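Reader: I am new to protein structures and would like to learn how to read one. Could we go through an example together?

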Amino acid sequence: MNLVSNIILCGFMGTGKSAVGQAVSKELGLTFLDTDRLIEKRSNKSVADIFREEGEDAFRYYENKLVGELGYLKNLVIATGGGMILSPGNYAQLEAIGIMILLRATPETIFARIADSRRRPLLSNSDLKYEIEDLLAKRSPIYDKIKYKIDTDSMDIRQVSQKVIDIYKDYYELSRY
Ligand code: S3P
């Protein structure tokens with residue numbers, strides 16, 4: 001079994017990956033990396049602007065490139081963009097460098113949480129509820145491959161973070177044998 005060094009938070013938009021990742025990294029003394037924010041920093045524009053000006057393929061290219069660079073890094077808590085692990089190559093590379101944990105929520109919860117969907121170019125907002133249900137249904141078979149899952153619907157950030165830490169500690173203990 002691999003010795004775990006990175007925690008990789010995956011899941012649909014609005015499942016709390018960034019907020020939870022920040023809290024977990026603080027608690028465990030690890031470095032936080034948010035893939036969307038790093039891509040924005042590198043491009044000097046927002047994810048929404050990248051989608052609008054360069055297209056989704058360009059954004060996915062930036063994501064894939066970033067995943068390729070992560071293999072050298074350790075002791076990170078990584079909040080992935082919601083579509084990052086849909087690429088089998090990204091999934092495999094991320095799986096190899098740490099423990100993947102899926103944050104889940106029902107479409108209703110996601111709908112309630114995504115107040116500002118202008119930041120989320122894949123959701124046009126014409127029928128937000130339907131768009132969430134549709135995209136989530138399409139992606140669920142991939143998300144559900146992840147072994148460690150946390151249903152976040154009735155939990156706050158602190159509670160989800162504690163679950164992540166428990167999973168990490170259990171896995172870390174196990175990986176020492
Ligand atoms: C995307 C999710 C977004 C961002 C981009 C595409 C997706 O990140 O990477 O808009 O394909 O689900 P969050 O999951 O952090 O919102």
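This is a predicted model: local features need pLDDT of at least 70, side-chain atom pairs count only at pLDDT 80 or more; totals for chains, interfaces and linings use all residues.

Reader: What stands opposite Ile-7 in β3?

Author: Val-77 again: Ile-7 stands opposite this residue.

Reader: Which way do the side chains of β3 point, and are they buried or exposed?

Author: Here is the general idea: in a regular strand, side chains alternate between the two faces of the sheet. In strand β3 (residues 76-79), Leu-76 and Ile-78 point one way, while Val-77 and Ala-79 point the other way. All four are buried.

Reader: What does the whole chain look like in terms of helices and strands?

Author: The protein chain has 8 helices and 5 strands. Following the sequence, their order is β-α-β-α-α-α-β-α-β-α-α-β-α.

Reader: Why does the radius of gyration agree with a compact globule?

Author: A compact globule with 177 residues would have a radius of gyration near 16 Å, and the protein chain has 16 Å, so the two agree. Buried residues make up 46% of the 177 residues.

Reader: What share of the contacts between residues at least 6 apart in sequence join residues at least 24 apart?

Author: In this protein chain, that share is 72%.

How values were computed:
Residues are numbered from 1 along each chain as its sequence is written. Side-chain values use heavy atoms; hydrogens and water are left out. Buried means under 20% relative accessible area, exposed over 50%, partly exposed in between (1.4 Å probe, protein chains only). Helices (H or I, at least four residues) and strands (E, at least two) are DSSP runs, numbered from the N terminus. Two strands pair if DSSP finds at least two bridges between them. The radius of gyration is taken over C-alpha atoms; the globule rule is 2.2 Å times the number of residues to the power 0.38. Contact means heavy atoms within 4.5 Å.
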